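Here is a short briefing on one protein chain. Look over the sequence and the model first, then read the points below.

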Amino acid sequence: TFFFSPRFSPLPFFAQEGIITDLQGKINEYAQKLIDLSNTKKTLANEIVYFTSQIELTRLQILQTENFVQSLQVEIADLAIKIDQLDLDLNVLSSVFITQTDQNYKLQKKLPPFVSLLFGNFNEFLKQQKYLTVVQKNCRDTLLNMETVRTNYDIQKQAKAQKQKELETLQERL
């Protein structure tokens, strides 16, 4: 009977060497595939981390933009209130100015200064001149206040328009 032993193979030696070479080639091929797959795995893992980071960055940018939009909406509402108040102040100052101008005109129309000086009391003339000076000063002050309020009104309206434009841009971007 024929006994099989690992030392004594029924295949000739040169045939065993070919099988070993083929097996070593296959081993090397699969080892290289494992290395390639490992590198691919690392690359895919890096891609996943990269995309996750980009998603988080975008989420945070959206959150920041939403917060900025809310802040702009509050600022616009505040500016609208300020503009309304400035409009009311301007109306009040205009009314005061009209009243002061009317009083000033009536006072000057009563009697020309030289007539009251010739025919009237000198003290009365001085009182009238002092009152006229005070009224004229108040008119000047009122005009200056009106100009200041009007300038503030224009500045606030421009700021509101700019904030609204920023808000529209951010909402489009969002």
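Leaving aside neighbours within four places in sequence, which residues is Thr65 in contact with? They are Leu170, Arg173 and Leu174, where contact means heavy atoms within 4.5 Å. This is a predicted model, in which local features need pLDDT of at least 70, side-chain atom pairs count only at pLDDT 80 or more, and totals for chains, interfaces and linings use all residues. Residues are numbered from 1 along each chain as its sequence is written, and side-chain values use heavy atoms, with hydrogens and water left out.

**Confidence**
- pLDDT is the predictor's confidence in each residue, from 0 to 100.
- The chain has a mean pLDDT of 76, and 79% of its residues reach 70 or more.
- Among the elements of the chain, helix α3 (residues 122–173) has the highest mean pLDDT, 80, and helix α2 (residues 113–119) the lowest, 55.
- Over residues 1–14, pLDDT stays under 50. The model has five contacts beyond four places in sequence for this stretch.
- Where pLDDT is low, predicted coordinates should not be read in detail.

- Helices are DSSP runs (H or I, at least four residues), numbered from the N terminus.
- Thr65 lies in helix α1. Thr65 is buried because its relative accessible area is 8%; buried means under 20%, exposed over 50%, and partly exposed in between (1.4 Å probe, protein chains only).
- Asp87 also lies in helix α1. Its relative accessible area is 32%, so Asp87 is partly exposed.
- Asp87 and Arg150 are 63 residues apart along the chain. Their C-alpha atoms are separated by 8.3 Å.

**Surface patch**
- Ile19, Leu23 and Ile27 form a nonpolar patch on the surface.
- Together the three have about 280 Å² of accessible area, from the Shrake-Rupley method with a 1.4 Å probe.
- Ile19 sits in helix α1 (residues 13–110). It counts as partly exposed because its relative accessibility is 42%.

**Aromatic pair**
- The structure holds one aromatic pair (ring centres within 6.5 Å; planes under 30 degrees apart are stacked, over 60 edge-to-face, the rest tilted).
- Tyr50 and Phe51 form this edge-to-face pair, at 5.6 Å centre to centre and 65 degrees between the planes.
- Tyr50 is partly exposed at 46% relative accessible area. Phe51 is partly exposed, with 46%.

Terms used:
Patches are made of residues with over 30% relative accessible area and no salt bridge: like charges are joined within 9 Å, nonpolar side chains (Val, Leu, Ile, Met, Phe, Trp, Tyr) within 5 Å. A salt bridge is a side-chain nitrogen of Lys or Arg within 4 Å of a carboxyl oxygen of Asp or Glu. Helices (H or I, at least four residues) and strands (E, at least two) are DSSP runs, numbered from the N terminus. Rings of Phe, Tyr and Trp (its six-membered ring) pair if their centres lie within 6.5 Å; planes under 30 degrees apart count as stacked, over 60 as edge-to-face and the rest as tilted.
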